[in-house]
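This briefing is intended for a reader meeting the structure for the first time. Please view the sequence and the model below before reading on.

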Amino acid sequence: MAPSLPAELEIDLAAIVANWRLLRDRAAPAACGAVVKADAYGLGARAVAPALWRAGCRDFFVVWPDEGLVLRELLPEARILLLAGAPPGTEAECCARGLGPVLNSLEDIARWAPVARMAAPAAPAAWIHVDSGMSRLGLPPDEVTRLAGAPDMLAGVPLAGVMSHLACADEPDHPCNDRQLARFEVARAALAPLGPLPASLANSSGLFLGPAFRFDLARPGAGLYGLRPQAGLADALTPVVRLTSAILQIRTVARNDSVGYGATFVAETPRRLATVPIGYADGYLRSLSNRGRVYLDGRPAPVVGRVSMDLITVDVTDHPEARPGRAVEIIGPHQPVDALADQAGTIGYEILTALGGRYHRRYIGQPSR
Ligand SMILES: *Cc1c(COP(=O)(O)O)cnc(C)c1O
């Protein structure tokens with residue numbers, strides 16, 4: 001069938017692999033995994049994960065068992081980890097399918113340990129997550145103390161290591177970073193009764209905080225998909241996504257004509273407008289109303305009026321070449337994902353994961369088999 005939108009989402013798998021290699025080299029001598037939760041941040045885990053496996057990645061992080069099962073079919077030998085653990089009642093199936101949980105509480109440990117102990121040594125190894133300051137998931141300090149005092153809770157349970165997650169790694173000078181590092185070290189020392197265990201702390205941004213944050217395994221997500229790890233590092237990684245659409249209609253509006261729902265834009269002089277078929281249902285966020293930009297032939301054109309569900313209107317008065325069918329860059333060399341996110345008042349993560357299902361998706365840079 002013909003693409004339902006003239007919009008095309010191009011995803012460069014070679015760029016994702018290049019980004020993984022760069023992050024892996026930054027992480028070394030620590031190993032480098034890949035976070036492919038939320039369908040690889042909206043870009044398609046079925047395409048992304050096998051490309052990373054072929055590049056040498058062995059540890060894949062998702063959130064839910066269903067996401068893990070998709071990977072398991074494609075990657076029979078990968079280590080697949082569930083960041084939110086095995087939900088109650090799924091422990092036996094997760095164990096049987098080799099989906100290793102991140103154990104986020106003593107209760108998680110109590111549910112997982114008997115299942116894993118019975119299946120050991122074939123059970124997938126679990127990570128123990130300690131909360132070092134994110135206050136979201138992971139054993140809080142009192143639970144770390146209780147576990148340290150009763151290491152038998154995990155006797156016979158295959159363990160991959162101890163991990164934690166950084167709250168402010170995208171701000172290198174934020175005091176949170178060193179505080180979390182210190183708390184992580186305290187928790188690791190407390191858990192010494194469990195025996196020597198590998199450690200994991202850094203997400204993508206964490207890899208840019210310095211060697212102290214590397215430990216034994218890095219868990220980058222955003223960086224793989226080309227997002228900037230910190231404000232000053234916009235060019236650190238290779239762009240992965242290109243999103244283009246094409247002009248549907250051109251019209252001229254007179255002085256005092258209004259544009260779009262709510263008539264939030266009123267022309268002060270006659271304007272030439274292009275209607276472009278992309279809207280908030282496609283992840284072109286409504287907050288880009290009267291704020292976003294698209295690019296025609298490398299030059300910007302402002303979004304005027306509100307973003308509708310399926311359409312935007314763009315002022316092309318200064319683009320005499322604009323006519324129906326002409327390509328419009330929404331994400332690409334002139335406007336990286338992070339720049340679009342800045343316009344929308346959000347982060348690149350939200351732009352990527354909000355990309356809708358209506359684009360014609362094209363994968364380029366497919367690794368040869
Ligand atoms: C999402 C996530 C990551 C990846 O973070 P990025 O900022 O995308 O690199 C790593 N660890 C945990 C626990 C996560 O939830």
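Helix 6 has a kink of about 35 degrees at Trp112, shortly before the proline Pro114; the bend at a residue is the angle between axes fitted to the seven residues ending there and the seven starting there. The model is predicted, so local features need pLDDT of at least 70 and side-chain atom pairs pLDDT 80 or more, while totals for chains, interfaces and linings use all residues. Residues are numbered from 1 along each chain as its sequence is written, and side-chain values use heavy atoms, without hydrogens and water.

**Helix 6**
- Helices (H or I, at least four residues) and strands (E, at least two) are DSSP runs numbered from the N terminus.
- The 14 residues of helix 6 (residues 106-119) should span 20 Å at 1.5 Å a residue, which agrees with end C-alpha atoms 20 Å apart; the expected span is 1.5 Å times one less than the number of residues.

- Three strands form an open, antiparallel sheet in the order 12-15-18; two strands pair if DSSP finds at least two bridges between them.
- Strands 12 and 18 stand at the edges with a single partner strand each, so one side of each lacks a neighbour in the sheet.
- Five bridges pair strand 12 (residues 249-253) with strand 15 (residues 271-276), and Thr252 stands opposite Arg272.
- Strand 15 is joined to strand 18 (residues 312-315) by four bridges, and Thr275 stands opposite Thr313.
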